[in-house]
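Hello,

Here is the structure I promised to pass on, and my notes follow below it.

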Amino acid sequence: MESVLAIEEMQRARLKGWQRSFCIRLISGRATPDVPGRMLSLDEGGITEGIAFRLPESTLINELEIVWTREMITGLYRPVWADVSLGNGKEIQALAFVSDRLHPHYEQDNLTATVALSIASARGDIGTNADYVWKLQATLGALGIRDDYVSELALALHEAPCNDKLHQRGASL
């Protein structure tokens with residue numbers, strides 16, 4: 001059972017120097033070792049719009065342990081202090097977990113065509129890899145965040161040559 005993270009405040013934020021990228025080879029959950037997919041990560045370059053979380057001072061150590069365990073257990077990421085511009089105009093340093101480019105599951109080719117081909121065919125115990133992309137796009141949209149890379153990938157997946165059931169599930173999200 002996953003622990004729930006206590007959050008004191010959430011705020012729109014811009015993360016400088018990092019961008020969303022499906023650059024991690026996914027082999028479980030929404031894929032398999034035989035038919036791998038791709039997992040989202042933060043990779044070098046660009047700017048990412050998102051949400052910054054401020055953890056309560058009174059339980060900070062416990063909350064950081066939860067985050068650390070969740071993000072670092074696989075060794076796919078590395079922690080960095082990153083420049084963040086909050087929605088209120090304040091500039092801060094925030095802890096971010098970014099791609100470990102030295103990890104064997106790191107995939108350098110994150111072009112939409114390459115990633116869409118991999119994601120379109122991946123399916124695992126918890127669903128399809130494509131469903132994850134469509135849900136991500138919907139969540140970002142609900143937050144008023146547009147990410148051109150995610151939108152382009154979601155569109156490519158709707159147009160990907162795969163079975164009708166996959167398309168129908170994605171269209172209903």
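Which residues does leucine 64 touch, not counting residues up to four places away in sequence? They are Leu55 and Leu95. Please keep in mind that this is a predicted model.

Leucine 64 is found in helix 1, which covers residues 60-72. Its relative accessibility is 34%, so leucine 64 counts as partly exposed. Leucine 5 lies 59 residues away from leucine 64 along the chain, yet their C-alpha atoms are separated by 8.9 Å.

Now to helix 1 as a whole. The helix has 13 residues and reaches 17 Å from its first C-alpha to its last, close to the 18 Å expected at 1.5 Å a residue. Its buried residues are Glu63, Ile66, Val67, Glu71 and Met72. An α-helix has 3.6 residues a turn, so residues three or four places apart point the same way. In this model, the buried residues of helix 1 pack against strand 3 and strand 4.

Strand 3 (residues 77-86) and strand 4 are joined by nine bridges in the antiparallel sense. Two positions in this pairing may be handy as landmarks. Tryptophan 81 has leucine 95 in strand 4 as its bridge partner, and leucine 95 is also one of the residues that leucine 64 touches. Valine 80 stands opposite alanine 96 in strand 4. The hairpin of strand 3 and strand 4 has four residues between the strands, and glycine 89 takes a positive phi there, near 95°.

A pair of aromatic rings is described by the distance of the centres and the angle of the planes. The count here comes to three aromatic pairs. For phenylalanine 22 and tyrosine 149, the ring centres are 6.3 Å apart and the planes stand at 35°, so the pair is tilted. This pair links distant parts of the chain, with phenylalanine 22 in strand 1 and tyrosine 149 in helix 4 (residues 148-159), 127 residues apart. Phenylalanine 22 has 0% relative accessibility and counts as buried, and tyrosine 149 counts as buried at 17%.

Tryptophan 68 and phenylalanine 97 have ring centres 5.9 Å apart and planes at 70°, so this pair is edge-to-face. Tryptophan 68 belongs to helix 1 and phenylalanine 97 to strand 4, 29 residues apart, and the pair links distant parts of the chain. Why is tryptophan 68 partly exposed? Its relative accessible area is 41%, and partly exposed covers the range between the 20% limit for buried and the 50% limit for exposed. Phenylalanine 97, with a relative accessible area of 12%, is buried.

Finally, ring pairs link Phe22, Tyr132 and Tyr149 into a cluster.

Best wishes

Definitions and conventions
Residues numbered from 1 in each chain as written. Predicted model: local features only at pLDDT ≥ 70, side-chain atom pairs only at ≥ 80, totals over all residues. Heavy atoms only, no water. Pairing = 2+ DSSP bridges. Helix = DSSP H or I, 4+ residues; strand = E, 2+ residues; numbered from the N terminus. Buried < 20%, exposed > 50% of the residue type's maximum accessible area, 1.4 Å probe, protein only. Contact = heavy atoms within 4.5 Å. Phe/Tyr/Trp six-rings, centres within 6.5 Å; stacked < 30°, edge-to-face > 60°. Expected span 1.5 Å × (residues − 1).
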